[in-house]
Amino acid sequence: MSDIGSATPEESMVKPVEGYVRKHLDLLAYAACQFKPTFKEYVDVVLGQYAREKGITLNTHIPMGCGHYEDTYDDIWKVENIDDFPDIVASMGFGDFFRQEFVERFVRKGYFTTAWTGTVNEPFEQAGFRDPDGWYTIYSVFAYVMLVDTRKLGDVPVPRRWSDLLDPRLKDNIMVNGGDGLVAEVPLLYFFREHGEPGLIQLAQNIKQSGHPAQLAKAAASPHAAGAAVYIMPWFFAQARTMSAEVQLVWPEDGAITNPIYLLVKESKMEELKPIVDCITGPEMGAGSAEACFPSLNPLVDNKLPQGATFKWLGWDYIKSNNIEQIKTYATETFLNAWREKRKE
């Protein structure tokens, strides 16, 4: 967002202007909960400038709530006509916009184009995050790492790679992001991709319980038996935990597991709405995202990563040659069935 200067949050509010207000949705944007206020501040600056300069108030929807709730546009992926789809969508995760039917209906037909015309931030370039077909624009990631409480490891070495978490000696000694008898789906996708059904079943043996990442970070500070040796959790929460000789943040040698934060931009609207795209993918928004522990793909951003930190990516070939929704459902059910059976013992 280099063209907007050093606007303050007060200046970022979109002031009403006289002129045409579009009915079609120009921007639908879902951001990570911890980053939503900052995301909206940056975007509001550009929306205000656009309105003043062009006399057009863009129609946008940027929900600010956190947690699970019904949203007006939950089923927007089901529309049959591309003209009924928002011109720009910002979203995250392997959700509805990766569904096979949506991909076949719109994505493979070339309706969307990437904002990246050059290289991206080096760790992401090396890991292959740029869509080779130029359809999706991943601009940031939600990264999972490990917190390790060495007091509870016993004679088990500190895990350095994700595969180390399948060590049978870690049975009932891992806690994971989730809650209410569920676990985060994204780590399961990666474990299934690399270790198949046996890997998920073994992981289920080792998972003690799930919980909100803030609770996990607190449990890692406790010497009591209620905790565990290893915690799979978002970097945002892991880094907030004060480290000690006993509790270590481990950035896995094979890379942090990543949940993509991305854009879908209609090729026909890229030039017209370029200020919005440039804002979301730009260095200022990227720096704010990095500060909030959502590393940016913008090559001008210093993500302040640990030395040698890399990222694990599910892979575009894997994503595009499989029905990701079905795989996600199968992996989750396989894990949960094994986990529930183990907990009955």
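How many positive and negative side chains does the protein have, and how far apart do the centres of the two sets lie? After that, please zoom in on Leu 166: where does Leu 166 lie, and what does Leu 166 touch?

Guide: Happy to! This is a predicted model, where local features need pLDDT of at least 70 and side-chain atom pairs count only at pLDDT 80 or more, while totals for chains, interfaces and linings use all residues. Residues are numbered from 1 along each chain as its sequence is written, and side-chain values use heavy atoms, leaving out hydrogens and water.

Now your charges: the protein has 34 positive and 47 negative side chains, counting Lys and Arg as positive and Asp and Glu as negative, without His or the chain ends. The centres of the two sets lie 4 Å apart, with each charge placed at NZ of Lys, CZ of Arg, CG of Asp or CD of Glu.

On to Leu 166, which sits in the loop between strand S6 (137–149) and strand S7 (174–179). Strands here are DSSP runs (E, at least two residues), numbered from the N terminus. With a relative accessible area of 16%, Leu 166 is buried; that word means under 20%, using a 1.4 Å probe and protein chains only. Buried residues make up 54% of the protein's 345 residues.

Leaving aside residues up to four places away in sequence, Leu 166 touches Phe 191, His 195, Gly 199, Gln 202, Leu 203 and Asn 206. Contact means heavy atoms within 4.5 Å. Finally, Leu 166 and Met 233 are 67 residues apart in sequence, and their C-alpha atoms are 16 Å apart in space.

Notes:
Buried < 20%, exposed > 50% of the residue type's maximum accessible area, 1.4 Å probe, protein only. Helix = DSSP H or I, 4+ residues; strand = E, 2+ residues; numbered from the N terminus.
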